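Visitor: I would like to learn how to read helices and their packing. Please take me through an example.

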Amino acid sequence: MSDAEISLSELADEDLVQQMHDDLYDGLAEEIGQGTRILLARGWTPYAVLTRALVEGMRIVGEDFRDGILFVPEVLLSANAMKAGMTILRPLLAATDAPRQGKLLIGTVKGDIHDIGKNLVGMMMEGAGFEVVDIGINNPVETYLAAIEEHRPDILGLSALLTTTMPYMKVVIDAMREKGIRDDCVVLVGGAPLNEDFGRAVGADAYCRDAAVTVEMARDFMKRKHNIHPA
């Protein structure tokens, strides 16, 4: 047993949760894995560990990212640390049918192989309690349509980093409209060269400046959906 594990296991529950928030902020994957296992061993439900230790910790990371206190490399470290906890929790959450915020389907559009921003959004969304289906890079419209049909997401995320591939977002959204499934999910678009005007022009529900904003918008859209269609 490592020194870190001994010191973590000596902490009371609330102190341990606070320490995990700090460890997430500092991107300490090993400690997050240890903290997750300790809370589970103490009888915490997987959902309680997810929401109170990981999601809340990533919320703080997301706010500081949005406010320019943290930057992409630091947030990637935090998201990677969260992954260490999620690796333990994911099968347990699936087995207990724990509630989820919603489901995100995300991918980079055809002709574009950039994925750092997309990956960051996916990790932050998972950290916020969403189920994330990542279909990768260079996706033609047929791949999006098939994935939407298979996974039935609440939210579709379209990513592009090249000005030459940005217009393909409209191809995907128009194809959804033709198929009569445009209103089945919220469409969020993102990527360095995009802006709000472009998002409106291609028919998206919203343009997301960065991963932290994406999480906030996704939460807002899900709240509205649940208010319109009470569970």
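The dialogue below goes from single helices to helix pairs.

Guide: This is a predicted model, where local features need pLDDT of at least 70 and side-chain atom pairs count only at pLDDT 80 or more, while totals for chains, interfaces and linings use all residues. Residues are numbered from 1 along each chain as its sequence is written, and side-chain values use heavy atoms, with hydrogens and water left out.

Visitor: What span should helix α4 have, at 1.5 Å a residue?

Guide: Helices are DSSP runs (H or I, at least four residues), numbered from the N terminus. The expected span is 1.5 Å times one less than the number of residues. Helix α4 covers residues 46-66, 21 residues, so it should span 30 Å; its end C-alpha atoms lie 28 Å apart, which agrees.

Visitor: Where is the kink in α4 centred?

Guide: On V55, with a kink of about 30°. The bend at a residue is the angle between axes fitted to the seven residues ending there and the seven starting there. Just after α4, G68 has a positive phi of about 80°.

Visitor: At what angle do α3 and α4 pack?

Guide: Two packed helices are described by the angle between their axes and the distance between the axes. Axes are lines fitted to C-alpha atoms, for helices over the stretch in contact; angles run from 0 to 180 degrees between N-to-C directions. Helix α3 (residues 29-41) packs on α4 at about 135°, with the axes 10 Å apart. The pair is therefore oblique (under 35 degrees is roughly parallel, over 145 roughly antiparallel, 65 to 115 roughly perpendicular, the rest oblique).

Visitor: Which residues of α3 and α4 meet?

Guide: I32, T36, L39 and L40 of α3 meet P46, V49, A53 and L54 of α4. Contact means heavy atoms within 4.5 Å. By class, seven are nonpolar, one is polar and none is charged. Ala, Val, Leu, Ile, Met, Phe, Trp, Tyr, Cys and Pro count as nonpolar; Asp, Glu, Lys and Arg as charged; the others, Gly among them, as polar.

Visitor: How do the axes of α7 and α8 cross?

Guide: Helix α7 (residues 141-151) and helix α8 (residues 168-178) cross at roughly 45°, their axes coming within 10 Å. That makes α7 oblique to α8. V141, Y144, L145 and I148 of α7 contact Y168, V171, V172, A175 and M176 of α8. That contact has nine nonpolar, no polar and no charged residues.

Visitor: How far apart are the axes of α5 and α6?

Guide: They are 9 Å apart, and helix α5 (residues 72-96) packs on helix α6 (residues 116-127) at about 50°. These helices are therefore oblique to each other.

Definitions and conventions: Helices (H or I, at least four residues) and strands (E, at least two) are DSSP runs, numbered from the N terminus.
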